[in-house]
Amino acid sequence: MSTTTISRMQDEAKALARERDAVILAHNYQVPEVQDVADYVGDSLGLSREAAATDAEAIVFCGVHFMAETAAILSPDKTVLIPDLDAGCSLAASITADQLREWKAKHPGAVVVSYVNTTAEVKAESDYCCTSGNAKAVIEAIAPEQEILFLPDMFLGIWLERVTGRKLTIWLGECHVHAGIRPEDVERWQADAPDAELLVHPECGCASQCMAFGNERTHILSTEGMINFAKASSKQRFLVATETGIIHRLNKEAPGKRFEAVSERAICKYMKMITLEKLRDSLRDWKHVVTVDAEVAARARGAIDRMVAIS
Ligand code: 13P
Ligand code: SF4
């Protein structure tokens, strides 16, 4: 797409959003031209908070389906649109509500902490929801003697055990993008760029994380945590172990610093299903409306409210 076409479509999207009183929210993994037209760009936690706080009539969610569902639960009186209904998440798909009910039945009395990357039905079966931005604080808010079922990301679960010193019962799910960032990718970069800080998302594979624990140049952070860290740091060079869409935001928020993806293959095909054209069409044709069954939403709401409140 030429830059003229991009700026024309961005103007169209902005005008439609104004006309229809819609706020455009975009995740840090969105393509640059979508990030640049959004009213707010952030991580799962920040986006949930924005969705809960907005005065706009409608929310256009440029992210994946569970994020739009979470917005619909938090703002039941608003219309929530997603530009492509097929924008799913391999991690959210790794556990169903039936599987969770079976798991809970085997662990009576356990508290269920679900990562935000889950369907509304799974959240409805959960006591707490968390994101990578507040998972540690959520676990620490639960009484130490309490058994915790943590789902669905095993790498985030293992990291939480390390940083909280708690034993968790962990579901063996993974995100194909982060699990695909291999230890060799990190090792190669650490050898090539000894002056760089390494920013790692906690969904990344165990091996790269384990190496990371013993190294003070390595920081395990949510996507928004990476932005804040890079802005505040006096360092100039950063290696980024997460989905590559975040590099655009890092370059924008911390200009003059150098950001490199640890793996250029770390691309989430679901996040990339949202294009500027589909965003414009979504505002023009008022599609695709994301709704959550009222009974499921009511049960999921408690877990999500606890997530939004804890930071
Ligand atoms: P963040 O909450 O850190 O933005 O992560 C969301 C996600 O989908 C990671 O893959
Ligand atoms: Fe889901 Fe992984 Fe894509 Fe994040 S990067 S939306 S966890 S598939």
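**Notes on the predicted model**

1. Starting with burial: of the 311 residues in the protein, 59% are buried (buried is under 20% relative accessible area, exposed is over 50%, and partly exposed is in between, with a 1.4 Å probe and protein chains only). Keep in mind that this is a predicted model, where local features need pLDDT of at least 70 and side-chain atom pairs count only at pLDDT 80 or more, while totals for chains, interfaces and linings use all residues. Residues are numbered from 1 along each chain as its sequence is written, chains are lettered from A and ligands numbered from 1 in the order in which they are written, and side-chain values use heavy atoms, with hydrogens and water left out.

2. On overall form, the protein has 15 helices and 12 strands (DSSP runs numbered from the N terminus: H or I of at least four residues for helices, E of at least two for strands). The radius of gyration is 19 Å, which agrees with the value near 19 Å for a compact globule because the rule is applied to 311 residues (C-alpha atoms are used, and the rule is 2.2 Å times the number of residues to the power 0.38). Along the principal axes, the C-alpha atoms fill a box of roughly 55 × 50 × 30 Å.

3. Next, the contacts (heavy atoms within 4.5 Å). Taking those between residues at least 6 apart in sequence, 63% join residues at least 24 apart.

4. Which members of the largest nonpolar core touch the most other members? Val113, Phe150, Leu279 and Leu283 do, in a core of 94 residues (a core is a set of buried Ala, Val, Leu, Ile, Met, Phe, Trp, Tyr and Cys residues joined through side-chain atoms within 4.5 Å). There is also a second, separate core of 13 residues, including Ala230, Ile246, Phe259 and Ala261. In soluble globular proteins, nonpolar side chains tend to be buried together. Leaving aside neighbours within four places in sequence, Leu283 contacts Ala13, Leu16, Ala17, Arg20, Ala22, Ile24 and Val60.

5. Helix H12 (residues 223-232) is worth a look: Thr223, Glu224, Gly225, Met226, Ile227 and Ala230 are buried there. The buried residues of H12 pack against strands E1 (22-27), E2 (40-42), E9, E11 (237-241) and E12 (258-261), as well as helix H13 (246-253).

6. Glu197 sits in strand E9 (residues 197-200). At 5% relative accessibility, Glu197 counts as buried. Setting aside neighbours within four places in sequence, Glu197 is in contact with Arg217, His219, Phe229, Lys235, Arg237, Phe238 and Leu239.

7. Asp195 is in the loop between helix H10 (183-192) and E9, and counts as partly exposed at 48% relative accessibility. Not counting residues up to four places away in sequence, Asp195 touches Arg217 and Arg237.

8. Ser48, in helix H3 (residues 44-53), is buried with a relative accessible area of 6%. Beyond neighbours within four places in sequence, Ser48 is in contact with Thr70, Leu74, Met307 and Val308.

9. Cis peptide bonds deserve a check. One joins Leu151 and Pro152, with omega about -10°; Pro152 is in the loop between strand E7 (148-151) and helix H8 (154-164). Another joins Lys287 and His288, with omega about -5°, and His288 falls in the loop between helix H14 (276-285) and helix H15 (294-309).

10. Then the backbone angles. Trp286, also placed in the loop between H14 and H15, has a positive phi near 55° without being a glycine, and is partly exposed at 28% relative accessibility. Asp21 is not a glycine either, and its phi is positive at about 50°. Asp21 lies in the loop between helix H1 (3-19) and E1, and counts as partly exposed at 36% relative accessibility.
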